[in-house]
Amino acid sequence: MISAKNIWMRRQQCPCGDWKCYVTHEGDAEETSIASQLVKNDENSLNEAMVAPYVGMVFKSDDDAFEYYGNFARKNGFSIRKERSRLSPQLGIYKRDFVCYRSGFAPVRKKPGGEHHRDRKSVRCGCDAKMYLSKEVVDGVSQWFVVQFSNVHNHELLEGDQVRLLPAYRKIHEADQERILLLSKAGFPIHRIVKVLELEKGIQGGQLPFLERDVRNFVQNRKRAVQENDALLTEKRENDTMELLDVCKATKETDENFVYDFTVDENNKVENIAWSYPDSVNAYTMFGDVVYFDATYRSVTYGMIFGVWLGIECNGRTIFFGCALLQDETLHSFAWALQTFVRFMKGRCPQTIITDLDPGLRDAIRRELPSTRHVISVYNILPKLSGWFSLSLGPQFAEFKSEFDALCHVENTEDFELRWSQMVSMFGLGSDKHIALLYAIRTSWASSYTRGYFLAQMTTTTYSKSVDAFLKGIFTAQTCLRSFFEQIGLSTNLQNQPRHEMQYMHMKTCMPIEEQARRTLTPFAFNAFQHELVLTMQYAATEMSNGSYLVRHFKKMDGECLVVWIPEDEQIHCSCKEFESSGTLCRHAFRVLIGKNYFQLPEKYFLSRWRRESSLAFFYDPDTQHNNDEWLQEFHSLTETLLSESSVTKERSGYIRKELTKELTRLLNEVRDMPDSDGIAMDFTLSPNRLILE
């Protein structure tokens with residue numbers, strides 16, 4: 001008769017080494033029958049037929065051997081532990097000793113003064129039960145052989161219900177750990193936590209695989225670990241913020257136009273810190289009319305909020321104005337950040353500030369920037385809708401989101417109020433706190449209320465993606481705040497940013513107004529201008545008795561705009577307020593001007609922030625310009641004329657690009673051959689940030 005022991009020995013020869021898989025391998029009919037019987041009830045059947053370890057038994061690894069011996073021990077009323085191991089340079093660990101948990105005797109511990117500790121009863125009683133293993137390499141494969149085994153105990157073995165309470169078997173599984181921590185965080189005492197777990201598992205009291213003291217020890221150890229980790233993070237943050245402050249001081253010594261500020265707490269520890277660069281301050285003088293403040297990034301390591309002020313320059317690129325590291329998202333921290341930013345920018349407040357949905361930030365803006373219009377970007381609201389409403393609305397959420405999207409673009413406030421009320425009623429959201437919040441701040445995000453705020457095309461999808469790309473470029477893997485500071489410097493240094501090549505801009509209408517715009521505006525601004533001009537052809541204008549005009553799309557009977565033309569002041573106003581929002585005249589205004597036979601627009605309708613000369617002035621230090629006004633004015637005039645004339649045709653553009661490169665290269669080589677100094681310093685280059693500190 002084939003025994004379970006025989007099958008175990010044959011199992012070692014199975015290609016996959018799996019007990020169950022042996023059934024389908026080389027065993028004969030009798031062996032297959034026995035093996036099938038042993039595994040028919042999975043692991044329970046296997047435990048019932050478990051073979052005692054014996055000398056010569058083979059395991060693939062010492063871990064397999066320990067697991068097997070542990071299962072055998074539990075079935076027989078005791079537990080085991082690892083004792084000695086031996087190491088060799090050739091084989092690594094080649095000896096393993098596993099013993100009964102009561103093997104040996106507890107060592108006598110002494111106090112530092114030589115006194116004995118209070119005697120505490122030990123479970124160790126010199127039990128000689130053991131399993132020793134030795135590793136051998138057979139045909140290049142490591143195997144572990146049992147070389148000694150004894151199952152003789154000098155103590156009483158435990159019954160099944162008692163053995164589960166031995167320390168080796170009192171395991172708190174991961175799912176139970178999470179539940180215990182959650183209940184503990186909620187304020188449940190330990191005995192209540194145990195009771196909850198018993199009720200949830202549907203078992204009688206005392207039948208958990210662990211004891212109440214195990215739960216208490218687990219909670220205490222986890223709290224201790226969290227406290228130690230928090231202490232280490234606090235120390236690291238304090239050291240790194242001090243190093244960051246030192247870097248700012250060193251940068252200030254190198255470049256006196258670099259600006260920074262910080263605050264300390266009651267323990268004289270650095271609390272908040274902000275900084276900006278000379279190039280950023282210079283850029284703000286031209287493009288600081290609209291500012292985007294992003295405070296959505298938090299450092300996992302330092303627990304600090306990263307706030308950054310961004311804008312858009314005349315070529316449509318995201319531009320950096322300044323940043324701050326804040327301890328929290330409170331009104332106090334945000335107020336300090338806004339005060340500091342305005343001070344960095346020489347006291348000039350932006351016309352409009354665009355932010356995320358944050359109550360503390362909203363209150364700080366009201367207090368510190370009372371004359372600045374606050375806009376909450378819809379692109380920061382839309383991602384939150386799913387978390388707020390998808391669960392409560394279920395299959396209706398898609399319809400709700402579609403209605404909300406439409407509400408974002410309703411043109412007048414009366415229609416918004418009516419449709420909002422209808423939407424709330426339709427979806428039964430009258431008591432929802434998020435709906436109440438959105439309605440309370442509707443004047444900051446709904447287009448019908450923000451229409452006419454100057455936004456410089458910074459609430460578009462394109463700009464939102466540009467900001468994300470810019471911030472991702474900053475938030476690369478950093479090891480400390482110093483390297484983070486350096487990465488910001490590299491990302492924001494204007495000399496490192498790509499220049500827009502001179503572009504040939506195609507005419508689409510051949511109107512003189514279009515030609516005027518092509519000579520005046522940057523390619524980015526001209527594209528927006530041209531888009532509106534081309535759409536003019538689809539609109540009809542009807543003059544009213546008071547001299548104003550109703551402008552309507554030729555296919556749409558609603559959605560008309562009222563255009564007011566004041567000829568004596570050459571002023572034109574449209575109810576859509578596109579010019580007030582983006583700085584580009586709208587299709588409705590163009591329709592009236594064309595009807596008035598205007599071939600040239602008044603200069604005031606080409607904002608300086610979108611003009612070509614702004615792109616040129618962007619890369620010059622204002623102090624240098626002040627000292628060399630005449631030379632720079634002449635240079636600007638020449639370059640502006642050159643850009644205007646060369647962009648008329650592709651042939652001109654190609655010729656200038658080719659010849660200008662040759663001439664600039666020649667001039668650069670000649671300048672490099674000149675003496676380094678003649679006693680007079682003349683610096684016309686962009687003031688570098690010089691951020692990389694060794």
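Helices (H or I, at least four residues) and strands (E, at least two) are DSSP runs, numbered from the N terminus. The model is predicted, so to read it: local features need pLDDT of at least 70, side-chain atom pairs count only at pLDDT 80 or more, and totals for chains, interfaces and linings use all residues. Residues are numbered from 1 along each chain as its sequence is written, and side-chain values use heavy atoms, with hydrogens and water left out.

Cavities. On a 1 Å grid over the protein atoms alone, a cavity is a set of points where a 1.4 Å probe fits but cannot get out; lining residues have an atom within 4 Å of a point. Searching the whole structure gives two cavities of 30 Å³ or more. Strand 16 (571-574) and helix 22 (578-582) each supply at least two residues of its lining. Among the lining residues are His573, Lys577 and Phe579. The second largest cavity holds about 40 Å³ of space, and its lining includes Leu521, Phe529 and Trp610.

Next, the helix pair. Helix 14 (residues 413-426) and helix 15 (residues 433-440) pack at about 175 degrees, axes 12 Å apart. That makes helix 14 roughly antiparallel (over 145 degrees) to helix 15. Contact here means heavy atoms within 4.5 Å. Helix 14 contributes Glu417, Trp420, Met423 and Val424; helix 15 contributes Ile435, Leu438 and Tyr439.

Last, Asp62, in helix 4 (residues 62-75). Not counting residues up to four places away in sequence, Asp62 touches Arg96, Phe98 and Trp144.

How values were computed: Axes fitted to C-alpha atoms, helices over the stretch in contact; angles between N-to-C directions. Parallel < 35°, antiparallel > 145°, perpendicular 65-115°, else oblique. 1 Å grid on protein atoms, 1.4 Å probe; cavity = no way out; pocket = protein on both sides within 12 Å on 5 of 7 lines; lining within 4 Å. Points joined across faces, edges and corners; volume = space filled by probe spheres on them.
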